[in-house]
Amino acid sequence: MVSELCAREDLFKSGRCYGVLTGSHDECLEMPEPTDPVRVSTDPACWEFAPGGCGGGEDGGGGAPQGQQIIGSPGFVGKVTKGLGIANRKLANADADCRQLFADIGLAVEDVAATMNATSFVDGTTSQAQIGMLVNQQYANAVGAATVAQLFANSPGLSGWSPPGGTAYLRPSDMSNGLFGLGTNWQLLVHETLHQMLGFQRDDNWIMTELQNKGYRINPNSPRKSRQISDVIKKKCN
Amino acid sequence: MQLTIVTIIVAIASQSGLKVPTISGPIPYRLLSSQVLRPDQGRSYVVSVEKPLDPPAIKTLLCQIVAAEKPPNTRLEIGVYLGLDEFIPPLGFKPLSDKLAAHRMASYQWNTKLPNDRRRLSVAKDTDGKPLAKWEYHEFDHTKCGS
């Protein structure tokens, strides 16, 4: 069953807004393909018009995470939805190594799962959300970007950007990985969730240094940079 | 959100561009940031001191901060920085991240759900203020401050 799609019904009907409130993570597949991908990608996400966002789900089943939204093209929504399903299974079956990984940065695995399911995931490359509002103007000035879309455009290696506050922004192309890009980068969703839980001061550099000092094979100066965090999540929680 | 008077002063000072006041006590410090954490309403504090501290002094400072801020007993992060003038969230932006890392002296993390953590306090600088090749870990539990 497809949940109610968007508080801005007119936008949805015009094929311009693809926000969904997830129920169980395998829904949302009936969403129409956009007739004009460019228009879809350039429109603000629906929650930006309507605080409180895409309207509530109508299904009432499956223990839908309250308030979680996935906003982007149908392909992005499908990939994130699949990734959430995988990540939830991994975290639910976390063994001692997986639990220790999160404990080493001060987090309980159950809280990671709960926060992930309460976090909205948005296509960062098209989001017109204002960085000055999400963080502060000092930060916006420092990074030289007014909107999240500009930040992603200016930072080609940026897979995700996750200021604590309930919404993580992702680069859709990085939701795929593995051979021929057929895999789902579920570990990126967990990685960005960590930033929703940790304080602003505990950025990728801190996480990598902390884990390196606790014996994990991570090098903050490696060319893979913060992707190593996602790598170690996949390794320890697979 | 429970804000102490100090935190309100910090917020006002930050918004107005005023220098954050130094909080006096056995270890003088400036509270540069106070943040509520998800999902448990924990707290994250960023403080700056002017002189390098040894681990016992860092523990004294942590107790001072806890006494002043009275964070809830869910989850706590305190970052202690040496000579940091202002705190701008780095959020993956390398120049900001590098600046923060260069000033990082100690970091404390506490989670009520992780009672057996023996490496809550990490120290990143020696008593001369020089970075350690490898962080030192110390046992500490802020709930036992004053006991």
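Residues 24 or more positions apart account for 65% of the contacts in chain A with a separation of 6 or more, where two residues are in contact if their C-beta atoms, placed from the backbone, lie within 7 Å. This is a predicted model, in which local features need pLDDT of at least 70 and side-chain atom pairs count only at pLDDT 80 or more, while totals for chains, interfaces and linings use all residues. Residues are numbered from 1 along each chain as its sequence is written, and chains are lettered from A and ligands numbered from 1 in the order in which they are written.

**Chain A overall**

- Chain A has twelve helices and seven strands (DSSP runs numbered from the N terminus: helices are H or I with at least four residues, strands are E with at least two).
- Of its 238 residues, 49% count as buried (20 or more other C-beta atoms within 10 Å of the residue's own, all placed from the backbone).

**Helices α4 and α10 of chain A**

- The axes of α4(A) (residues 74-92) and α10(A) (residues 186-197) come within 8 Å and cross at roughly 75 degrees; axes are lines fitted to C-alpha atoms over the stretch in contact, with angles from 0 to 180 degrees between N-to-C directions.
- The two helices, α4(A) and α10(A), are therefore roughly perpendicular (65 to 115 degrees).
- On α4(A) the contact involves Val80(A), Gly83(A), Leu84(A), Ile86(A), Ala87(A) and Lys90(A), and on α10(A) Trp186(A), Leu189(A) and Val190(A).

**Side of chain B that touches chain A**

- Contacts join 29 residues of chain B to 28 residues of chain A.
- α3(B) gives the most to this side of chain B, with four residues.

Notes: A residue is buried if 20 or more other C-beta atoms lie within 10 Å of its own, exposed if 12 or fewer, and partly exposed in between; C-beta atoms are placed from the backbone. Angles under 35 degrees count as roughly parallel, over 145 as roughly antiparallel, 65 to 115 as roughly perpendicular and the rest as oblique.
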